[in-house]
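Hi,

Here is the structure I promised to pass on.

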Amino acid sequence: MATPQSDSSLSPLRTVAVVGLGTMGTGIIEVLAKAGRQVIGIDISGAQAARSVAALESSTARAVERGRLTEQERAGVLARVTTSTDLRAAADADLVIEVTPESYEVKQQVFRELDAIVRPTAVLATGTNALSVTRLAADSARPERVLGLHFFNPAPAMKLVEVVSSVLTAPQAVAAVTDLALELGKEPVAVGDRPGFVADGLLFGYLNQAAAMYESKYASREDIDAAMRLGCGLPMGPLALLDLIGVDTARTVLDAMYAESHDRLHAPAPILKQLSEAGLTGRKAGRGFYTYEAPGSATVVPDALTPQEGAASALGRPVRAVGVAGSGTMASGIAEVFAKAGYDVVLAARSEEKAEAARARIGKSLARSVDKGRMTAETAAKTLDRITPAGSYDAFADVDLAVEAVAEDLDVKRQLFEALDKVCKPGAILATTTSSLPVVACARATSRSQDVIGMHFFNPAPAMKLVEVVRTVLTADDVHATVREVCGTIRKHAVDCGDRAGFIVNALLFPYLNNAVKMVQEHYASLDDIDAAMKLGGGYPMGPFELLDVVGLDVSLAIERVLHREFRDPGLAPAPLLEHLVAAGCLGRKTGRGFREYARR
């Protein structure tokens, strides 16, 4: 929390009016008052103004209970806030921030009235994230004093503020508002005027694709949300986030984005319109993609679509021994996971030396776990003893489940599956860990396509909880049931999806990364500002360019190409900047240079 400052230390924007006292307006008032500003809250509804004051009183009382404010500081915060139902209360404000509904008519009416009320030097800010700041400014009598000031919800907690300039905005107004944001303890990011700006411009395209994925019945809402939380470390799944934001709000933002970009990825998924027009707008309505305990509640309650607990099929096959094919990081990580869960594991590579090296890598990983107190030395030794290295896939003769984790090359995988088909006993399940190749192509390389399934682990396999379980049109029910049961035994969260490019996670993640590259390519925002916007505004553990450099630009480009080839959507075409960097050998951290430069090890 920013420490309240003495009046003499404040920037010129000392008195601030906030128009619109919903959740966002109330949060902005709290931030301003805590930082020593005199704040006038204005709403046409007296009842809403009263609710806003009550919410502020409740929030500051909780801050006192948690030791974040003293009673004296709380009294000072509340004393700095007044409310009114009359826009003329903003007459003496140095800055007016409007956070009224996302409607040009509503916002333009507010700005026209403010033109006749506020001083000529006052700055007028819109909190829109979907409408054109330029259009609102052009309709004002003082366009040079109009800009965008986009806070994120909840405003007291979220660090990001996007400061949006139009071509008409005076630099002095931008500087004054940027200084204010810093004094509020926020991280201001300067952006140009286009729908969604940086954070929402990237976020809403991703949310829209998730809605379309659900609408197509490719995966359940629970599996889509779990996949993105566990596979990408996101604080919320996309469908739960749409319910929090408001399905109607998301539709409005996407409509504005599509009107400018004409990119099909921004065309609102039809389900957003259906839910909006049915009044199923998310948490605020008590029902959206999920059903909630009551309107405004965050508690999800079971409904007709909720999966039944304990509904797993009893048709599964017994799995006692597991074969893992490969000697890289992913193969050794998967072997470690199975051995920890008590399975006997055969770790086979193209040579005995490679297999031994992979087993040694697992030994080091287990030793680190012992050092960190996560397991005893005795448990680590027993785990390692369960892993038998082999220099030939002939060692898979008695395994019940064979998992391949070799190079992401379809020819290589097909040759391996041909070999496994000859070696493995009848009834053994053959699984591929591919992240982007068709599982059915691996299945067709065998005489037992019904026994082939995808098990897409995430790196590092011992730490990441997610496994995408990928059924082909040929996969037998008992094979699917067995793999789901095995995932539970190895303490992974299984999500079901069909055999198409990207599965769940990569199909949603990589278009978002590609769109971030396009933003830089178009000189809309810098790498640092985009990374900061997604971490601070979206709660992402890494910014898109940090993640691209970690994943590898060549790997990212390959996945983008697979997605584009499969779905034939122009919006999925890899950004030329990504292709140019890969062609130049700038592949990310592994080469010392990608979007950023790194010290060579």
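Phe 338, Tyr 343 and Phe 457 are linked into a cluster by ring pairs. Bear in mind that this is a predicted model.

The whole structure has six aromatic pairs. Another one is Tyr 214 with Phe 289: centres 5.8 Å apart, planes at 75°, so edge-to-face. This pair links distant parts of the chain, since Tyr 214 is in helix α7 and Phe 289 is in the loop between α11 and β9, 75 residues apart. Both Tyr 214 and Phe 289 are buried.

Phe 457 turns up again in the second largest pocket, where it is among the residues closest to the centre, along with Met 330, Ser 435, Asn 459 and Val 555. That pocket holds about 1,500 Å³ of space and is lined by 47 residues. By class, the lining has 31 nonpolar, 14 polar and two charged residues. Helix α18 gives the most, with five residues; other elements giving two or more include α12, β16 and α21.

There are also a couple of charges over rings. Arg 194 lies over the face of Tyr 524, 4.2 Å from the ring centre, and Arg 500 has its charged end over the ring of Tyr 218, 3.9 Å from the centre.

On to salt bridges: the count is 30. Here are some of them:

- Asp 248 and Lys 284 have their closest N and O atoms 2.9 Å apart. Asp 248 is in helix α10 and Lys 284 in the loop between α11 and β9, so the pair ties together parts 36 residues apart in sequence. Asp 248 is partly exposed at 29% relative accessibility, and Lys 284 is partly exposed at 44%.
- Lys 590 and Asp 554 come to 2.8 Å between the closest N and O atoms. Lys 590 is in the segment after α22 and Asp 554 in helix α21, so this pair also ties together parts that are 36 residues apart. Asp 554 is partly exposed, at 28%.
- Arg 88 and Asp 86 meet at 2.9 Å, N to O. Arg 88 is exposed at 59%, while Asp 86 is partly exposed at 29%.

Cheers

Definitions and conventions
Residues numbered from 1 in each chain as written. Predicted model: local features only at pLDDT ≥ 70, side-chain atom pairs only at ≥ 80, totals over all residues. Heavy atoms only, no water. 1 Å grid on protein atoms, 1.4 Å probe; cavity = no way out; pocket = protein on both sides within 12 Å on 5 of 7 lines; lining within 4 Å. Points joined across faces, edges and corners; volume = space filled by probe spheres on them. Helix = DSSP H or I, 4+ residues; strand = E, 2+ residues; numbered from the N terminus. Nonpolar A, V, L, I, M, F, W, Y, C, P; charged D, E, K, R; others polar. Phe/Tyr/Trp six-rings, centres within 6.5 Å; stacked < 30°, edge-to-face > 60°. Buried < 20%, exposed > 50% of the residue type's maximum accessible area, 1.4 Å probe, protein only. Lys NZ or Arg CZ within 6 Å of the ring centre and 35° of its normal. Salt bridge = Lys/Arg side-chain N within 4 Å of Asp/Glu carboxyl O.
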